[in-house]
Amino acid sequence: MSGFLISMQGAISQGILWGVMVLGVYITYKLLDIADLTVDGSFALGGCICAMLVVGKGVNPFIALLAATFFGVLAGAVTGFLHTVFDIPAILAGILTQIALWSVNLRIMGKSNIPLLKVDTIISKAVNAFGMEQGITTLIIGIIIAVLIIVGLYWFFGTEIGSALRATGNNEDMIRALGVNTKFTKMLALMISNGLVGLSGALVCQSQKYADIGMGTGAIVIGLAAIVIGDVLMGKLRSFGAKLTSAVVGSIVYFVIRAIVLRLGMDANDMKLLSATIVALALCIPVAIDKWKMKRSYSEGGSGTC
Amino acid sequence: MLNLTNVEKTFNKGTINEKKALTGVNLQLNEGDFVTIIGGNGAGKSTMLNMIAGVYPIDAGKIVLDGVNISRMPEHKRAKYLGRVFQDPMRGTAAGMEIEENLALAHRRGARRTLRWGITKEEKEQYVEELKVLGLGLETRLTSKVGLLSGGQRQALTLLMASLQKPKLLLLDEHTAALDPKTAKTVLDLTEKIVNEEHLTALMVTHNMKDAIRLGNRLIMMHEGNIIYDVAGEEKKNLKVADLLKKFEEASGGEFANDRMMLS
(Lines give C-alpha, C1' and ligand atoms only; values in the text may rest on other atoms or scores of the structure.)
Protein backbone atom coordinates (compact mmCIF):
# COMPACT_ATOMS: atom_id res chain seq x y z
CA MET A 1 0.00 0.00 0.00
CA SER A 2 2.76 2.44 0.86
CA GLY A 3 4.25 1.74 -2.57
CA PHE A 4 0.95 2.89 -4.03
CA LEU A 5 0.99 6.09 -1.95
CA ILE A 6 4.55 6.88 -2.97
CA SER A 7 3.71 6.42 -6.61
CA MET A 8 0.68 8.70 -6.16
CA GLN A 9 2.82 11.34 -4.52
CA GLY A 10 5.27 11.05 -7.39
CA ALA A 11 2.44 11.37 -9.88
CA ILE A 12 1.16 14.52 -8.19
CA SER A 13 4.62 16.13 -8.23
CA GLN A 14 5.05 15.19 -11.85
CA GLY A 15 1.60 16.59 -12.60
CA ILE A 16 2.52 19.93 -11.05
CA LEU A 17 5.85 20.25 -12.85
CA TRP A 18 4.20 19.34 -16.17
CA GLY A 19 1.40 21.70 -15.11
CA VAL A 20 3.75 24.61 -15.82
CA MET A 21 3.82 23.37 -19.42
CA VAL A 22 0.03 23.08 -19.40
CA LEU A 23 -0.22 26.74 -18.35
CA GLY A 24 1.84 27.59 -21.41
CA VAL A 25 -0.45 25.56 -23.65
CA TYR A 26 -3.45 27.22 -21.99
CA ILE A 27 -2.23 30.64 -23.17
CA THR A 28 -2.03 29.65 -26.82
CA TYR A 29 -4.89 27.14 -26.99
CA LYS A 30 -7.50 28.84 -24.80
CA LEU A 31 -6.60 32.52 -24.93
CA LEU A 32 -5.21 32.85 -28.45
CA ASP A 33 -7.26 30.01 -29.93
CA ILE A 34 -4.38 28.34 -31.74
CA ALA A 35 -2.88 24.90 -31.21
CA ASP A 36 0.84 25.64 -30.99
CA LEU A 37 2.84 22.54 -31.87
CA THR A 38 6.14 24.20 -30.98
CA VAL A 39 5.50 22.84 -27.50
CA ASP A 40 6.86 19.34 -28.17
CA GLY A 41 10.15 20.85 -29.26
CA SER A 42 10.42 23.64 -26.71
CA PHE A 43 9.70 21.26 -23.80
CA ALA A 44 12.59 19.03 -24.84
CA LEU A 45 14.66 22.16 -25.53
CA GLY A 46 14.16 23.24 -21.90
CA GLY A 47 15.25 19.82 -20.64
CA CYS A 48 18.25 19.64 -22.99
CA ILE A 49 19.49 23.15 -22.20
CA CYS A 50 19.15 22.43 -18.49
CA ALA A 51 21.00 19.10 -18.64
CA MET A 52 23.74 20.47 -20.85
CA LEU A 53 24.33 23.46 -18.54
CA VAL A 54 24.16 21.57 -15.24
CA VAL A 55 26.15 18.51 -16.31
CA GLY A 56 28.39 19.89 -19.05
CA LYS A 57 29.13 23.38 -17.73
CA GLY A 58 28.56 22.95 -13.99
CA VAL A 59 26.03 25.78 -13.95
CA ASN A 60 23.88 26.40 -10.89
CA PRO A 61 20.62 24.40 -11.41
CA PHE A 62 18.51 27.48 -10.64
CA ILE A 63 20.30 29.52 -13.32
CA ALA A 64 19.76 26.57 -15.67
CA LEU A 65 16.00 26.92 -15.13
CA LEU A 66 16.17 30.58 -16.13
CA ALA A 67 18.25 29.73 -19.20
CA ALA A 68 15.75 27.03 -20.22
CA THR A 69 12.93 29.58 -19.91
CA PHE A 70 14.85 32.05 -22.02
CA PHE A 71 15.47 29.55 -24.81
CA GLY A 72 11.82 28.51 -24.66
CA VAL A 73 10.92 32.16 -25.24
CA LEU A 74 13.25 32.19 -28.26
CA ALA A 75 11.61 29.07 -29.68
CA GLY A 76 8.22 30.77 -29.32
CA ALA A 77 9.62 33.84 -31.05
CA VAL A 78 10.66 31.75 -34.06
CA THR A 79 7.14 30.33 -34.41
CA GLY A 80 5.69 33.79 -33.84
CA PHE A 81 7.96 35.27 -36.49
CA LEU A 82 6.94 32.69 -39.09
CA HIS A 83 3.28 33.11 -38.18
CA THR A 84 2.96 36.88 -37.89
CA VAL A 85 5.52 38.22 -40.34
CA PHE A 86 5.09 35.61 -43.08
CA ASP A 87 1.46 34.64 -42.44
CA ILE A 88 2.28 30.93 -42.18
CA PRO A 89 -0.67 29.24 -40.45
CA ALA A 90 0.10 28.92 -36.74
CA ILE A 91 -0.16 25.16 -36.71
CA LEU A 92 2.34 24.79 -39.58
CA ALA A 93 4.70 27.40 -38.13
CA GLY A 94 4.68 25.38 -34.88
CA ILE A 95 5.43 22.13 -36.68
CA LEU A 96 8.37 23.71 -38.52
CA THR A 97 9.91 25.01 -35.28
CA GLN A 98 9.25 21.71 -33.53
CA ILE A 99 11.01 19.67 -36.22
CA ALA A 100 13.91 22.10 -36.35
CA LEU A 101 14.27 21.90 -32.58
CA TRP A 102 14.79 18.15 -32.72
CA SER A 103 18.11 18.70 -34.50
CA VAL A 104 18.92 21.72 -32.34
CA ASN A 105 18.31 19.69 -29.17
CA LEU A 106 20.61 16.90 -30.38
CA ARG A 107 23.28 19.49 -31.13
CA ILE A 108 22.90 21.02 -27.69
CA MET A 109 23.28 17.71 -25.86
CA GLY A 110 25.70 16.10 -28.33
CA LYS A 111 23.93 12.78 -27.76
CA SER A 112 20.37 11.59 -27.34
CA ASN A 113 20.27 11.71 -23.54
CA ILE A 114 22.16 13.05 -20.54
CA PRO A 115 21.72 11.66 -17.01
CA LEU A 116 22.01 14.11 -14.09
CA LEU A 117 23.57 11.61 -11.71
CA LYS A 118 26.25 13.23 -9.63
CA VAL A 119 25.19 16.85 -9.94
CA ASP A 120 23.08 19.13 -7.83
CA THR A 121 19.52 19.94 -8.84
CA ILE A 122 17.23 22.51 -7.21
CA ILE A 123 15.58 19.54 -5.50
CA SER A 124 18.79 18.05 -4.08
CA LYS A 125 19.85 21.54 -2.98
CA ALA A 126 16.55 22.01 -1.16
CA VAL A 127 16.79 18.55 0.38
CA ASN A 128 20.24 19.45 1.72
CA ALA A 129 19.05 22.81 2.98
CA PHE A 130 15.84 21.77 4.71
CA GLY A 131 16.47 18.11 5.39
CA MET A 132 13.14 16.91 4.13
CA GLU A 133 12.51 13.76 2.18
CA GLN A 134 13.01 14.05 -1.59
CA GLY A 135 9.45 13.28 -2.69
CA ILE A 136 7.93 15.88 -0.37
CA THR A 137 10.57 18.44 -1.35
CA THR A 138 9.77 17.99 -5.06
CA LEU A 139 6.09 18.42 -4.30
CA ILE A 140 6.62 21.61 -2.28
CA ILE A 141 8.96 23.15 -4.87
CA GLY A 142 6.44 22.31 -7.58
CA ILE A 143 3.58 23.91 -5.66
CA ILE A 144 5.57 27.08 -4.94
CA ILE A 145 6.60 27.50 -8.57
CA ALA A 146 3.10 26.76 -9.89
CA VAL A 147 1.49 29.23 -7.49
CA LEU A 148 4.01 31.95 -8.37
CA ILE A 149 3.38 31.44 -12.09
CA ILE A 150 -0.41 31.42 -11.69
CA VAL A 151 -0.27 34.64 -9.67
CA GLY A 152 2.07 36.17 -12.25
CA LEU A 153 -0.16 35.20 -15.17
CA TYR A 154 -3.27 36.39 -13.34
CA TRP A 155 -1.64 39.75 -12.88
CA PHE A 156 -0.31 39.97 -16.43
CA PHE A 157 -3.59 39.11 -18.13
CA GLY A 158 -5.33 41.79 -16.10
CA THR A 159 -3.00 44.54 -17.35
CA GLU A 160 -3.61 46.66 -20.45
CA ILE A 161 -1.23 44.57 -22.53
CA GLY A 162 -2.60 41.30 -21.13
CA SER A 163 -6.18 42.39 -21.84
CA ALA A 164 -5.22 43.29 -25.39
CA LEU A 165 -3.71 39.83 -25.73
CA ARG A 166 -6.90 38.13 -24.56
CA ALA A 167 -8.90 40.33 -26.93
CA THR A 168 -6.66 39.24 -29.80
CA GLY A 169 -7.79 35.64 -29.29
CA ASN A 170 -11.38 36.80 -28.94
CA ASN A 171 -11.84 39.18 -31.85
CA GLU A 172 -8.79 40.15 -33.83
CA ASP A 173 -10.57 42.63 -36.14
CA MET A 174 -12.00 44.50 -33.20
CA ILE A 175 -8.82 44.87 -31.21
CA ARG A 176 -6.91 46.00 -34.31
CA ALA A 177 -9.60 48.64 -34.88
CA LEU A 178 -8.91 49.69 -31.28
CA GLY A 179 -5.29 50.32 -32.08
CA VAL A 180 -3.51 47.14 -31.03
CA ASN A 181 -0.84 45.60 -33.23
CA THR A 182 -2.07 42.00 -33.22
CA LYS A 183 1.19 40.73 -34.66
CA PHE A 184 2.85 41.93 -31.49
CA THR A 185 0.28 40.40 -29.13
CA LYS A 186 0.39 37.04 -30.90
CA MET A 187 4.17 37.03 -30.83
CA LEU A 188 4.15 37.90 -27.15
CA ALA A 189 1.68 35.12 -26.33
CA LEU A 190 3.76 32.53 -28.16
CA MET A 191 6.91 33.70 -26.39
CA ILE A 192 5.41 33.61 -22.90
CA SER A 193 3.78 30.28 -23.61
CA ASN A 194 6.94 28.60 -24.82
CA GLY A 195 8.97 30.18 -22.06
CA LEU A 196 6.77 28.37 -19.55
CA VAL A 197 7.04 25.18 -21.58
CA GLY A 198 10.83 25.41 -21.59
CA LEU A 199 10.85 26.02 -17.84
CA SER A 200 8.62 23.00 -17.34
CA GLY A 201 10.97 20.86 -19.44
CA ALA A 202 13.89 21.93 -17.25
CA LEU A 203 11.96 21.23 -14.03
CA VAL A 204 10.95 17.78 -15.24
CA CYS A 205 14.55 17.14 -16.30
CA GLN A 206 15.81 18.02 -12.81
CA SER A 207 13.17 15.98 -11.02
CA GLN A 208 13.60 12.84 -13.15
CA LYS A 209 17.36 13.39 -13.25
CA TYR A 210 17.87 13.01 -16.97
CA ALA A 211 17.13 14.77 -20.21
CA ASP A 212 16.15 12.86 -23.28
CA ILE A 213 15.72 13.95 -26.90
CA GLY A 214 12.26 12.39 -26.93
CA MET A 215 11.03 13.82 -23.64
CA GLY A 216 8.78 16.37 -25.33
CA THR A 217 7.12 14.02 -27.79
CA GLY A 218 3.38 14.28 -27.38
CA ALA A 219 3.66 17.12 -24.83
CA ILE A 220 1.03 19.16 -26.70
CA VAL A 221 -1.45 16.29 -26.42
CA ILE A 222 -0.74 15.92 -22.69
CA GLY A 223 -1.28 19.67 -22.39
CA LEU A 224 -4.59 19.57 -24.24
CA ALA A 225 -5.73 16.50 -22.27
CA ALA A 226 -4.91 18.25 -18.99
CA ILE A 227 -6.80 21.39 -20.06
CA VAL A 228 -9.81 19.28 -21.03
CA ILE A 229 -9.73 17.39 -17.71
CA GLY A 230 -9.38 20.64 -15.79
CA ASP A 231 -12.29 22.09 -17.72
CA VAL A 232 -14.50 19.13 -16.89
CA LEU A 233 -13.60 19.28 -13.19
CA MET A 234 -13.61 23.04 -12.68
CA GLY A 235 -15.38 24.44 -15.75
CA LYS A 236 -18.16 25.88 -13.61
CA LEU A 237 -15.78 28.35 -11.97
CA ARG A 238 -15.66 31.53 -13.99
CA SER A 239 -12.82 33.55 -12.50
CA PHE A 240 -9.62 33.71 -14.48
CA GLY A 241 -7.55 32.56 -11.51
CA ALA A 242 -9.70 29.44 -11.24
CA LYS A 243 -9.26 28.76 -14.94
CA LEU A 244 -5.47 28.92 -14.64
CA THR A 245 -5.58 26.69 -11.57
CA SER A 246 -7.77 24.21 -13.43
CA ALA A 247 -5.01 23.75 -16.00
CA VAL A 248 -2.58 22.61 -13.29
CA VAL A 249 -5.24 20.52 -11.53
CA GLY A 250 -6.03 18.88 -14.87
CA SER A 251 -2.36 18.06 -15.26
CA ILE A 252 -2.20 16.51 -11.78
CA VAL A 253 -5.29 14.39 -12.45
CA TYR A 254 -3.84 13.32 -15.78
CA PHE A 255 -0.63 12.04 -14.16
CA VAL A 256 -2.54 10.36 -11.33
CA ILE A 257 -4.74 8.53 -13.86
CA ARG A 258 -1.61 7.60 -15.74
CA ALA A 259 0.07 6.24 -12.61
CA ILE A 260 -3.02 4.20 -11.79
CA VAL A 261 -3.42 2.63 -15.21
CA LEU A 262 0.29 1.88 -15.33
CA ARG A 263 0.02 0.15 -11.94
CA LEU A 264 -2.95 -1.77 -13.28
CA GLY A 265 -0.55 -3.22 -15.81
CA MET A 266 -1.02 -1.06 -18.88
CA ASP A 267 2.00 -0.77 -21.14
CA ALA A 268 3.59 2.70 -20.78
CA ASN A 269 3.81 2.87 -24.57
CA ASP A 270 0.02 2.78 -24.81
CA MET A 271 -0.22 5.97 -22.75
CA LYS A 272 -0.04 8.21 -25.80
CA LEU A 273 -2.96 6.33 -27.34
CA LEU A 274 -4.94 6.92 -24.17
CA SER A 275 -4.04 10.65 -24.10
CA ALA A 276 -5.01 11.11 -27.73
CA THR A 277 -8.27 9.29 -27.08
CA ILE A 278 -9.10 11.56 -24.13
CA VAL A 279 -8.49 14.70 -26.21
CA ALA A 280 -10.34 13.33 -29.24
CA LEU A 281 -13.34 12.39 -27.11
CA ALA A 282 -13.34 15.76 -25.38
CA LEU A 283 -13.39 17.49 -28.76
CA CYS A 284 -15.96 15.12 -30.31
CA ILE A 285 -18.52 14.85 -27.53
CA PRO A 286 -19.72 18.50 -27.48
CA VAL A 287 -20.08 18.47 -31.29
CA ALA A 288 -21.93 15.14 -31.20
CA ILE A 289 -24.29 16.39 -28.48
CA ASP A 290 -25.07 19.55 -30.46
CA LYS A 291 -25.83 17.58 -33.59
CA TRP A 292 -27.98 15.14 -31.64
CA LYS A 293 -29.91 17.96 -30.01
CA MET A 294 -30.50 19.62 -33.34
CA LYS A 295 -31.86 16.40 -34.81
CA ARG A 296 -34.11 15.83 -31.83
CA SER A 297 -35.49 19.37 -31.78
CA TYR A 298 -36.86 18.92 -35.31
CA SER A 299 -40.57 18.26 -35.53
CA GLU A 300 -42.65 18.41 -38.65
CA GLY A 301 -45.55 20.19 -37.03
CA GLY A 302 -43.57 23.03 -35.44
CA SER A 303 -42.69 23.76 -31.86
CA GLY A 304 -46.18 23.13 -30.48
CA THR A 305 -46.42 19.46 -31.33
CA CYS A 306 -43.32 18.22 -29.60
CA MET B 1 -10.34 67.60 -42.26
CA LEU B 2 -10.33 64.47 -44.41
CA ASN B 3 -8.89 64.63 -47.92
CA LEU B 4 -9.00 61.75 -50.34
CA THR B 5 -7.06 62.48 -53.53
CA ASN B 6 -7.27 60.11 -56.48
CA VAL B 7 -7.61 57.02 -54.30
CA GLU B 8 -7.50 53.84 -56.35
CA LYS B 9 -7.98 50.23 -55.38
CA THR B 10 -8.22 47.12 -57.52
CA PHE B 11 -8.74 43.72 -55.98
CA ASN B 12 -7.22 40.56 -57.52
CA LYS B 13 -5.27 42.58 -60.04
CA GLY B 14 -4.28 40.67 -63.14
CA THR B 15 -6.60 37.76 -62.53
CA ILE B 16 -9.95 36.82 -63.99
CA ASN B 17 -11.57 38.08 -60.78
CA GLU B 18 -10.11 41.54 -61.15
CA LYS B 19 -12.41 44.11 -59.58
CA LYS B 20 -11.86 47.84 -59.77
CA ALA B 21 -13.26 48.85 -56.41
CA LEU B 22 -12.21 52.49 -56.34
CA THR B 23 -11.31 54.43 -59.49
CA GLY B 24 -9.63 57.61 -58.37
CA VAL B 25 -11.90 58.85 -55.61
CA ASN B 26 -11.67 62.50 -54.53
CA LEU B 27 -13.43 63.62 -51.37
CA GLN B 28 -13.05 66.53 -48.98
CA LEU B 29 -14.74 66.54 -45.61
CA ASN B 30 -15.03 69.55 -43.33
CA GLU B 31 -14.86 69.44 -39.58
CA GLY B 32 -18.24 68.36 -38.23
CA ASP B 33 -19.56 66.97 -41.51
CA PHE B 34 -21.98 64.09 -41.10
CA VAL B 35 -22.02 62.45 -44.51
CA THR B 36 -24.34 59.66 -45.57
CA ILE B 37 -23.18 57.41 -48.40
CA ILE B 38 -25.51 55.48 -50.67
CA GLY B 39 -24.99 53.37 -53.76
CA GLY B 40 -25.71 49.93 -55.16
CA ASN B 41 -23.91 46.74 -54.25
CA GLY B 42 -20.28 46.83 -55.29
CA ALA B 43 -20.28 50.61 -55.74
CA GLY B 44 -17.24 50.92 -53.46
CA LYS B 45 -18.87 52.34 -50.33
CA SER B 46 -17.47 49.82 -47.88
CA THR B 47 -14.17 49.71 -49.75
CA MET B 48 -13.79 53.46 -49.34
CA LEU B 49 -14.32 53.18 -45.60
CA ASN B 50 -11.93 50.24 -45.40
CA MET B 51 -9.29 52.21 -47.29
CA ILE B 52 -9.64 55.11 -44.85
CA ALA B 53 -9.37 52.66 -41.96
CA GLY B 54 -6.37 50.93 -43.52
CA VAL B 55 -7.82 47.42 -43.68
CA TYR B 56 -6.14 47.03 -47.07
CA PRO B 57 -3.42 49.23 -48.57
CA ILE B 58 -4.48 51.58 -51.38
CA ASP B 59 -2.94 51.16 -54.85
CA ALA B 60 -2.60 54.86 -55.57
CA GLY B 61 -3.60 58.26 -54.28
CA LYS B 62 -3.44 59.97 -50.96
CA ILE B 63 -5.47 60.01 -47.76
CA VAL B 64 -4.85 62.92 -45.41
CA LEU B 65 -6.69 63.12 -42.11
CA ASP B 66 -6.44 66.34 -40.14
CA GLY B 67 -3.12 67.20 -41.73
CA VAL B 68 -1.60 63.77 -41.25
CA ASN B 69 -0.88 61.67 -44.32
CA ILE B 70 -2.23 58.26 -43.35
CA SER B 71 -2.05 56.70 -46.83
CA ARG B 72 0.50 54.09 -45.83
CA MET B 73 -0.02 53.93 -42.10
CA PRO B 74 -0.89 50.45 -40.76
CA GLU B 75 -4.43 49.85 -39.56
CA HIS B 76 -3.63 49.69 -35.85
CA LYS B 77 -1.88 53.07 -35.97
CA ARG B 78 -4.72 54.81 -37.79
CA ALA B 79 -7.05 53.47 -35.11
CA LYS B 80 -5.92 56.37 -32.97
CA TYR B 81 -7.96 58.76 -35.15
CA LEU B 82 -10.88 56.55 -36.07
CA GLY B 83 -14.00 55.18 -34.42
CA ARG B 84 -15.50 52.28 -36.35
CA VAL B 85 -18.76 50.38 -36.30
CA PHE B 86 -19.18 47.43 -38.65
CA GLN B 87 -22.18 45.88 -40.36
CA ASP B 88 -21.76 42.61 -38.49
CA PRO B 89 -22.60 43.16 -34.80
CA MET B 90 -20.21 40.32 -33.90
CA ARG B 91 -17.21 42.17 -35.35
CA GLY B 92 -17.19 45.20 -33.09
CA THR B 93 -17.03 43.55 -29.70
CA ALA B 94 -15.17 40.67 -28.02
CA ALA B 95 -17.82 38.07 -27.17
CA GLY B 96 -15.79 36.19 -24.57
CA MET B 97 -14.97 39.30 -22.56
CA GLU B 98 -17.06 41.33 -20.14
CA ILE B 99 -18.92 44.52 -21.08
CA GLU B 100 -16.61 46.62 -18.91
CA GLU B 101 -13.52 44.91 -20.36
CA ASN B 102 -14.69 45.76 -23.86
CA LEU B 103 -15.24 49.37 -22.86
CA ALA B 104 -11.84 49.51 -21.18
CA LEU B 105 -10.17 48.21 -24.35
CA ALA B 106 -11.97 50.90 -26.38
CA HIS B 107 -11.15 53.56 -23.82
CA ARG B 108 -7.47 52.93 -24.54
CA ARG B 109 -7.77 53.23 -28.32
CA GLY B 110 -4.72 55.02 -29.59
CA ALA B 111 -3.01 55.07 -26.20
CA ARG B 112 0.14 53.13 -25.52
CA ARG B 113 -0.80 49.94 -23.65
CA THR B 114 1.29 49.37 -20.57
CA LEU B 115 1.53 46.99 -17.64
CA ARG B 116 -0.89 49.11 -15.63
CA TRP B 117 -4.09 47.35 -14.62
CA GLY B 118 -6.47 47.07 -17.57
CA ILE B 119 -9.40 48.85 -15.92
CA THR B 120 -9.66 51.35 -13.07
CA LYS B 121 -12.36 52.01 -10.53
CA GLU B 122 -13.10 55.52 -11.82
CA GLU B 123 -13.52 54.11 -15.29
CA LYS B 124 -16.13 51.64 -14.11
CA GLU B 125 -18.16 54.48 -12.63
CA GLN B 126 -17.83 56.40 -15.87
CA TYR B 127 -19.00 53.36 -17.85
CA VAL B 128 -22.11 53.01 -15.72
CA GLU B 129 -23.04 56.61 -16.60
CA GLU B 130 -22.26 56.12 -20.30
CA LEU B 131 -24.24 52.89 -20.48
CA LYS B 132 -27.27 54.54 -18.86
CA VAL B 133 -27.43 56.88 -21.85
CA LEU B 134 -27.99 53.88 -24.13
CA GLY B 135 -31.16 53.09 -22.21
CA LEU B 136 -30.77 49.34 -22.69
CA GLY B 137 -30.24 48.41 -19.06
CA LEU B 138 -26.62 47.41 -19.68
CA GLU B 139 -25.38 49.57 -16.78
CA THR B 140 -26.34 46.81 -14.33
CA ARG B 141 -24.55 44.13 -16.34
CA LEU B 142 -20.99 45.44 -16.43
CA THR B 143 -19.46 42.04 -15.77
CA SER B 144 -21.67 40.09 -18.18
CA LYS B 145 -19.97 38.53 -21.17
CA VAL B 146 -20.77 40.48 -24.34
CA GLY B 147 -21.61 37.20 -26.07
CA LEU B 148 -24.81 37.09 -24.00
CA LEU B 149 -26.13 40.34 -25.54
CA SER B 150 -28.43 40.63 -28.57
CA GLY B 151 -27.19 41.95 -31.90
CA GLY B 152 -28.78 45.35 -31.27
CA GLN B 153 -27.29 45.63 -27.80
CA ARG B 154 -23.88 44.70 -29.16
CA GLN B 155 -24.17 47.26 -31.93
CA ALA B 156 -25.18 49.98 -29.46
CA LEU B 157 -22.24 49.00 -27.28
CA THR B 158 -19.89 49.14 -30.29
CA LEU B 159 -21.17 52.62 -31.06
CA LEU B 160 -20.46 53.69 -27.51
CA MET B 161 -17.01 52.10 -27.71
CA ALA B 162 -16.27 53.94 -30.96
CA SER B 163 -17.05 57.30 -29.38
CA LEU B 164 -15.69 56.69 -25.88
CA GLN B 165 -12.37 58.12 -26.95
CA LYS B 166 -13.49 60.98 -29.20
CA PRO B 167 -12.45 60.01 -32.75
CA LYS B 168 -11.43 62.54 -35.38
CA LEU B 169 -13.60 60.57 -37.77
CA LEU B 170 -16.38 58.06 -37.15
CA LEU B 171 -16.82 55.33 -39.78
CA LEU B 172 -20.20 53.62 -39.82
CA ASP B 173 -20.40 50.79 -42.35
CA GLU B 174 -24.07 49.86 -42.72
CA HIS B 175 -24.12 49.44 -39.01
CA THR B 176 -27.88 48.94 -38.79
CA ALA B 177 -28.27 46.65 -41.83
CA ALA B 178 -28.14 43.41 -39.83
CA LEU B 179 -30.71 44.54 -37.25
CA ASP B 180 -34.49 44.26 -37.21
CA PRO B 181 -36.32 47.53 -38.08
CA LYS B 182 -37.11 48.49 -34.50
CA THR B 183 -33.60 47.85 -33.19
CA ALA B 184 -32.17 49.53 -36.25
CA LYS B 185 -34.13 52.66 -35.40
CA THR B 186 -32.89 52.62 -31.80
CA VAL B 187 -29.28 52.31 -32.95
CA LEU B 188 -29.77 54.99 -35.59
CA ASP B 189 -31.31 57.43 -33.10
CA LEU B 190 -28.41 56.75 -30.83
CA THR B 191 -25.98 57.38 -33.67
CA GLU B 192 -27.59 60.74 -34.38
CA LYS B 193 -27.49 61.66 -30.72
CA ILE B 194 -23.83 60.74 -30.24
CA VAL B 195 -22.69 62.43 -33.46
CA ASN B 196 -24.58 65.64 -32.59
CA GLU B 197 -23.63 65.80 -28.93
CA GLU B 198 -19.96 65.04 -29.47
CA HIS B 199 -19.79 67.14 -32.68
CA LEU B 200 -18.22 64.23 -34.51
CA THR B 201 -17.21 64.11 -38.15
CA ALA B 202 -18.79 60.97 -39.55
CA LEU B 203 -19.15 58.87 -42.69
CA MET B 204 -22.18 56.60 -42.69
CA VAL B 205 -22.86 53.99 -45.36
CA THR B 206 -26.52 53.04 -45.58
CA HIS B 207 -28.92 51.26 -47.92
CA ASN B 208 -31.87 53.22 -46.61
CA MET B 209 -32.44 56.31 -48.76
CA LYS B 210 -34.83 57.91 -46.30
CA ASP B 211 -32.22 57.66 -43.55
CA ALA B 212 -29.61 58.96 -45.94
CA ILE B 213 -31.71 62.05 -46.62
CA ARG B 214 -32.92 62.55 -43.07
CA LEU B 215 -29.56 62.23 -41.31
CA GLY B 216 -26.45 64.31 -41.69
CA ASN B 217 -25.67 67.51 -43.57
CA ARG B 218 -24.31 65.99 -46.73
CA LEU B 219 -25.03 63.02 -48.96
CA ILE B 220 -22.87 61.29 -51.53
CA MET B 221 -23.83 58.61 -54.00
CA MET B 222 -21.28 56.13 -55.29
CA HIS B 223 -21.35 54.06 -58.41
CA GLU B 224 -18.76 51.72 -59.91
CA GLY B 225 -15.99 52.82 -57.65
CA ASN B 226 -16.48 56.54 -57.67
CA ILE B 227 -18.58 59.38 -56.31
CA ILE B 228 -21.24 60.39 -58.83
CA TYR B 229 -23.34 62.75 -56.76
CA ASP B 230 -22.46 64.99 -53.85
CA VAL B 231 -25.04 67.22 -52.26
CA ALA B 232 -25.15 69.27 -49.06
CA GLY B 233 -27.10 71.88 -47.10
CA GLU B 234 -30.55 73.04 -48.21
CA GLU B 235 -30.41 71.13 -51.45
CA LYS B 236 -29.89 67.90 -49.53
CA LYS B 237 -32.67 68.65 -47.08
CA ASN B 238 -35.14 69.07 -49.92
CA LEU B 239 -34.17 65.82 -51.60
CA LYS B 240 -36.81 63.14 -52.14
CA VAL B 241 -36.24 59.42 -52.48
CA ALA B 242 -37.56 59.73 -56.02
CA ASP B 243 -34.80 62.25 -56.85
CA LEU B 244 -32.18 59.84 -55.66
CA LEU B 245 -33.65 56.98 -57.62
CA LYS B 246 -33.63 59.14 -60.73
CA LYS B 247 -30.00 60.06 -60.16
CA PHE B 248 -29.20 56.46 -59.71
CA GLU B 249 -30.93 55.43 -62.92
CA GLU B 250 -29.09 58.11 -64.84
CA ALA B 251 -25.79 56.90 -63.48
CA SER B 252 -26.36 53.24 -64.11
CA GLY B 253 -27.54 53.95 -67.63
CA GLY B 254 -31.26 53.48 -67.22
CA GLU B 255 -30.87 50.32 -65.28
CA PHE B 256 -33.27 50.22 -62.38
CA ALA B 257 -32.08 50.53 -58.80
CA ASN B 258 -31.53 47.22 -57.06
CA ASP B 259 -34.11 45.59 -54.82
CA ARG B 260 -32.49 46.46 -51.54
CA MET B 261 -32.60 50.15 -52.33
CA MET B 262 -36.17 50.00 -53.56
CA LEU B 263 -37.41 48.35 -50.42
CA SER B 264 -36.07 50.93 -48.05
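A salt bridge is here a side-chain nitrogen of Lys or Arg within 4 Å of a carboxyl oxygen of Asp or Glu. By this criterion, Lys186(A) forms a salt bridge with Glu172(A), with 3.2 Å between the closest N and O atoms. Helices (H or I, at least four residues) and strands (E, at least two) are DSSP runs, numbered from the N terminus. The pair links distant parts of the chain, 14 residues apart: Lys186(A) belongs to helix α9 (residues 182-208) of chain A and Glu172(A) to helix α8 (residues 172-177) of chain A. Over all chains, the structure holds 22 salt bridges.

The model is predicted: local features need pLDDT of at least 70, side-chain atom pairs count only at pLDDT 80 or more, and totals for chains, interfaces and linings use all residues. Residues are numbered from 1 along each chain as its sequence is written, chains are lettered from A and ligands numbered from 1 in the order in which they are written, and side-chain values use heavy atoms, with hydrogens and water left out.

**Interface between chains A and B**

Contact means heavy atoms within 4.5 Å. On this basis, 31 residues of chain B are in contact with 23 residues of chain A. The two chains bury about 2,300 Å² between them, 58% of it on carbon and sulfur atoms; buried area is the accessible area (1.4 Å probe) that two parts lose on being put together, summed over both.

Four salt bridges are counted between chain B and chain A. In one between these chains, Glu160(A) pairs with Arg108(B), the closest N and O atoms being 2.7 Å apart.

On the side of chain B that touches chain A, α2 (75-78) and α3 (99-107) of chain B each supply at least two residues. The most comes from α3(B), with four residues. By class, this side has eleven nonpolar, nine polar and eleven charged residues. Ala, Val, Leu, Ile, Met, Phe, Trp, Tyr, Cys and Pro count as nonpolar, Asp, Glu, Lys and Arg as charged, and the others, Gly among them, as polar.

**Sheets of chain B**

Two strands pair if DSSP finds at least two bridges between them. An open sheet of four strands in chain B has the order β2-β1-β4-β5, with antiparallel pairing. Its edge strands, β2 (19-29) and β5 (68-69) of chain B, each pair on one side only. Strand β1 (residues 2-11) of chain B is joined to strand β4 (residues 60-65) of chain B by five bridges, and to β2(B) by eight.

A second open sheet in chain B has six strands in the order β6-β7-β8-β3-β9-β10, with mixed pairing. Here the edge strands are β6 (82-85) and β10 (226-232) of chain B, each pairing on one side only. Neighbouring strands of this sheet are turned by 20° against each other on average, direction ignored. β6(B) and strand β7 (residues 169-173) of chain B run parallel and are joined by four bridges.

Selected bridge partners are tabulated below.

| Residue | Bridge partner | Strand of partner |
|---|---|---|
| Leu2(B) | Leu65(B) | β4(B) |
| Glu8(B) | Ala60(B) | β4(B) |
| Thr10(B) | Lys20(B) | β2(B) |
| Leu82(B) | Leu169(B) | β7(B) |

**Helix packing and a loop residue**

Axes are lines fitted to C-alpha atoms, for helices over the stretch in contact, and angles run from 0 to 180 degrees between N-to-C directions. Helix α1 (residues 45-53) of chain B lies across β3 (34-39), β6, β7, β8 (202-205) and β9 (218-223) of chain B, at about 145° to β7(B).

Met73(B) is located in the loop between β5 and α2 of chain B. Its C-alpha is 7.2 Å from that of Gly54(B), 19 residues apart in sequence. Apart from neighbours within four places in sequence, Met73(B) is in contact with Val68(B), Arg78(B) and Tyr81(B).
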